[in-house]
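Here is a short briefing on one protein structure. Take a look at it before reading on.

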Amino acid sequence: MSNRTHDAAADEISIVASKRLLPDPSEIGALFFRRRWIFTIAFLATLAIAALAIAMLPRTYTATSALLLEPREAQPVKVNDRGFVAPADDNLIDTAVQIIRSPTLTLDVVRSLRLDRVPEFGGDSKSPAPKLTPSRSAGADSNGAAGAGQQIAAITPAERRAAGMLLTHSYVRRVGVTYLVEITASAADPELAARIANALARRYIGLDSAKKQTRNAQSARYVENQAAALRKHAVADDAALQQYMIRNNLMSAEGATMAEQEVSELNRQIADAQAQLAGQRGKLGAAQAQIARGGGGADIGSALASDTIRQLRQQEAQASARLAQLDARYGALHPDVVQARDELADVRAQLGAELGRIVSGLRADVQIAESRLASLLGSRAQAKGSLVQNGSAQVGRLELERRAEASRAIYSAYLTRAKETAQAGELPNADASIATLARPPGGPSSPNYLVGALAGFIAALLVAGLATGIAEYVEDTVATRADIEGGLGAVYAGAIPTLASATRSTPRDMTPQDYVTIRSMSLFTESLRNLATYLGIGHSGSEQGAAVVTITSPLPREGKSTTSMCLARTLAMGKHKVVLVDADVRHHSTSDALAPGREHEGLFRALDGSLPLDEALIADDRTDLQILTTLGQANPHDVITEEAMAALLAVLRARFDIVIIDSAPVLGVAETRIVSRLSDTTLVVARWRATPLKAVRTALDLLSHNGSKVGGVALSLVNIKEYASAGLTDAFGYYKKFKGYYAD
């Protein structure tokens, strides 16, 4: 693969990557995998610190009680209306919440529970009991003072601190839009938390009840005093009315005065007398009319009712019958007839006299009725005179009567009100009740272990991620293809793995340069072929002769010599004529590895012409590779000059297909620049995650200014078992998928 083709592919990859709006998730995964130990240590350390902090936090228990507000009409005297619940507004409920949070109620709870002796509330169990001093009662209602002689404890600093702490340890809120108010209290003791919540609720009910009882007592006293005054006023008005009526003779019975009753009675009697007179006159007129018609008064009603008249009528009838019998028997002149006629006349005379007396009696009855009627009319006239005289006095009586009735009505109302107020004072007066009593909680509310664990886990993730990011940011070594192409602007030539990571089983003490001769189809050997293909030295030489490749590194101990030996042996096994020149005259690692124990300095002797090239070359004992060794400078004149090196390379080009030069590190040795300038291409080897980017950048700058042709930068000693160790765009990112292709 040519450099131009590689550059075009790299440019295409960079263009595609630049179009991404978000980072590649696989790159993020690779980053965290590379830094997994830092991530794991930071994560576990943060998690341990969070767990320790949670374990050291004090436990707090929270208990909640609920109050049900039942606002009623403010009419304590209407006992029958006590069940009516007035509509509650937000202001009323908010006021109840503020009362529960008030200093007065809080101080009462502190004293009732002795919270000033609880260390949690800023108290001291050895605090002295507070002294009693006359003061306003903490339990008095908001409108009045404490009762006479009542004493309360003066507020001590410990109580003041405890009250302040109680406010911070409690919370009061309205539940939605209902009439429920929740009272929440927190403490280190679950029993104490429940007692505080219940005490706040009960104390509010007690204050509300005391306030209403005080108000009812004040109302009762006021009503009783007013009723007593009104009773005296009503009695005085009634006495004034009675005295006025007696003085003006206006005594009444059954709703009317005596004069009115007298006139009314006379009117009734006059009506009766007139009716009686009319009846008597009717009887008399009828009797006189009958007598005038000649009836003899036989059919007069009074006569018919008289026993004497009946007897005389019987005698008349008997005498008349006897006279008729005698007259018919003896004749008119017979003495018996004459006697009978005289007897009949005598009976009829008696009957007439009796009828006269009856008519005279009727006339006397008419006169009596007329006299009685006249008397009654006279009495009525006199009574009407008295009634007219009392008319002016009635005005004053009515005024006094209205005043007395008003006094009695007001007195009656206040008397009823006093009774109702007394009854209302005996009823439950609080407008609130405990809907739910606080129970000791079964577990602490703080710390919340679940939330704490979640927060610790999130914090551990954040810290571990931050540590990973910092580690990635501060690391200034060459690690991935992106570092070479993006950070250095160089061409990525490939990566050479470590032998341990590229093989499943490696013979002990086997060197990489020996391994390539034994496992020619292994992953490790294939990475060297890829490198040769990239450098364009895997085929026959160019028209100019053999390809000359200089392999160098910015710093020592970066694997350049191992790379040179392995690459040379790999190419030599591929039927190429390869010569490996050890130009590292100071360390000569290649000569020590491939020609150990030999005292032959072939490179310098070939350069100065003191030794023919054929004699200077040493054959590799494993491959057809030829090695031009060096064992160090024998004298100060053994140096690499450009003219001598150029002449030597010309000879090597003519005899070999590939010339590989293992040179010294470019940053420390000047000869490397000479050798690289004479080469067809220069490969810079950087140790994976060890060589600083600045060192590689400096080496590339030196080679560029030297006129050398840099073929690329290769990573050495790469641990391919690390996920995407050289970057996701490197072939080793997918090495697991090709395990079956290699014979390790």
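The points below cover a strand hairpin, a helix pair and one arginine. The model is predicted.

**The hairpin**
- The partner of β4 is strand β5, residues 180-187.
- The two strands run antiparallel and are joined by five bridges.
- Within this pairing, Val172 has Ile183 of β5 as its bridge partner.
- Together β4 and β5 make a hairpin, with five residues between the strands.
- Gly176 sits in the turn and has a positive phi of about 60 degrees.

**The helix pair**
- Helix α3 (residues 36-56) packs with helix α12 (residues 449-474).
- Their axes are 8 Å apart, and the angle is about 150 degrees.
- An angle over 145 degrees counts as roughly antiparallel, so α3 is roughly antiparallel to α12.
- In the contact between α3 and α12, 17 residues are nonpolar and five are polar.
- No charged residues take part in that contact.
- The crossing of α3 and α12 is right-handed.

**Arg111**
- Arg111 belongs to helix α5, which covers residues 103-113.
- Is Arg111 buried or exposed? Its relative accessibility is 16%. Buried means under 20%, so Arg111 counts as buried.
- The side chain of Arg111 makes a polar contact of 3.2 Å with the side chain of Glu159.

Key:
Residues numbered from 1 in each chain as written. Predicted model: local features only at pLDDT ≥ 70, side-chain atom pairs only at ≥ 80, totals over all residues. Heavy atoms only, no water. Pairing = 2+ DSSP bridges. Helix = DSSP H or I, 4+ residues; strand = E, 2+ residues; numbered from the N terminus. Axes fitted to C-alpha atoms, helices over the stretch in contact; angles between N-to-C directions. Parallel < 35°, antiparallel > 145°, perpendicular 65-115°, else oblique. Left-handed = near helix turned anticlockwise from the far one by under 90°. Nonpolar A, V, L, I, M, F, W, Y, C, P; charged D, E, K, R; others polar. Buried < 20%, exposed > 50% of the residue type's maximum accessible area, 1.4 Å probe, protein only. Polar contact = N/O pair within 3.5 Å; in protein donor to acceptor, adjacent residues only side chain to side chain.
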